[in-house]
Amino acid sequence: MRIGLDMMGGDFAPLEAVKGVKLFFDTVATDAHLVMIGDEEALAPLLADAQLDQSKYSVVHSSQVIGMNEHPTKALKEKPQSSIGIGFHLLQKGKIDAFISAGNTGAMMVGTFYSIKAIEGVQRPTISTPVPREDGSFGLLLDVGINADCKPENLVQFAVLGSLYSKHILGINNPTVGLLNIGEEEGKGNLLAQATYPLLKEHPQLNFVGNVEGRDVLTNKADVIVCEGFTGNVVLKMAESFHDIALRRNIKDDYIQKFNFEGYGGTPVLGVSQPVIIGHGISQATAFKNMISLAQQMIQTKLLDKIRESFVK
């Protein structure tokens, strides 16, 4: 397998990206070949210092970088030789099997939708986040930001995508699905929640357990929790603040540490035809290492083939 990595994306690139690659090769059993996309001149001394096995990686030069604050569509159009632009070109042409970047999130989303498209039958791709639970396991929350306004059918598809991800990546057999709502009773919530509930309840591929409230998100009441991206993003950002507060107050707690995004690295775009993983702009070595590991796992488990099969049904 060949995994493409944007070496220039993120606040600490390319140094932390190189450190992440080294950490991956040092700690993960793999036959993956990493295709590092970035400025050769900037990468050369860092790669030399890292002393990586040269048979395990190759470098594709990019002469441009898309900044974190640039307009996504305009930047991709005007900077075809950017690391993100080249990454999507390689993915589209089948020269890499997955693409990872901690760069401009908007550019990554635009590149995803216009370069590799959605899997047939998927109305709206989605992004998710692992949710640390009290028993030490992880649940999944989606959507967490790219679909602020949704229809009931979108939430049902998010539930299917989240269930497949939970089963094949998180290792949860027959994951339960809950609808994030303001009450447990059927009929609660706004028009979107009320219309979505019966669709989830009747769906033959879902193990639907009903509504879940905000206080249930960090419990094991449901393995997959679905909502529109506006609500999901608010929940995600609030959860991330737990770890930030703990750091500022020098609180050391194993459970709170699980809210550190570096532990899972980045989020895959679920529902598109090739593995694309988007990292946080402040990603450092551990986050890059975990994003590469996730890409490898998605390829090895043939997750996207299973999603295609599910939507054909």
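Predicted model: local features only at pLDDT ≥ 70, side-chain atom pairs only at ≥ 80, totals over all residues.

Residues are numbered from 1 along each chain as its sequence is written, and side-chain values use heavy atoms, with hydrogens and water left out.

**Stop 1: the largest pocket.** Select Thr-105, Ile-127, Leu-236, Thr-267 and His-280, which lie nearest the centre of the largest pocket, out of 24 lining residues. (A pocket is an open set of points on a 1 Å grid over the protein atoms alone, where a 1.4 Å probe fits, with protein on both sides within 12 Å along at least five of seven lines; lining residues have an atom within 4 Å of a point.) Now colour domain 1 (1-122 + 271-312) and domain 2 (123-262): both give residues to the lining, so the pocket lies between them. Those bounds come from an automatic or database domain assignment.

Which helix gives the most to this lining? Show α8, with four residues there; you'll find it at 229-248. (Helices are DSSP runs of H or I, at least four residues, numbered from the N terminus.)

**Stop 2: α1 and α10.** Select 15-27 and 285-300: the axes of these helices, α1 and α10, come within 7 Å and cross at roughly 55 degrees. (Axes are lines fitted to C-alpha atoms over the stretch in contact, and angles run from 0 to 180 degrees between N-to-C directions.)

**Stop 3: α6 and α7.** Finish with 152-168 and 191-202, where α6 and α7 pack at about 50 degrees with axes 8 Å apart.

Notes. Helix = DSSP H or I, 4+ residues; strand = E, 2+ residues; numbered from the N terminus.
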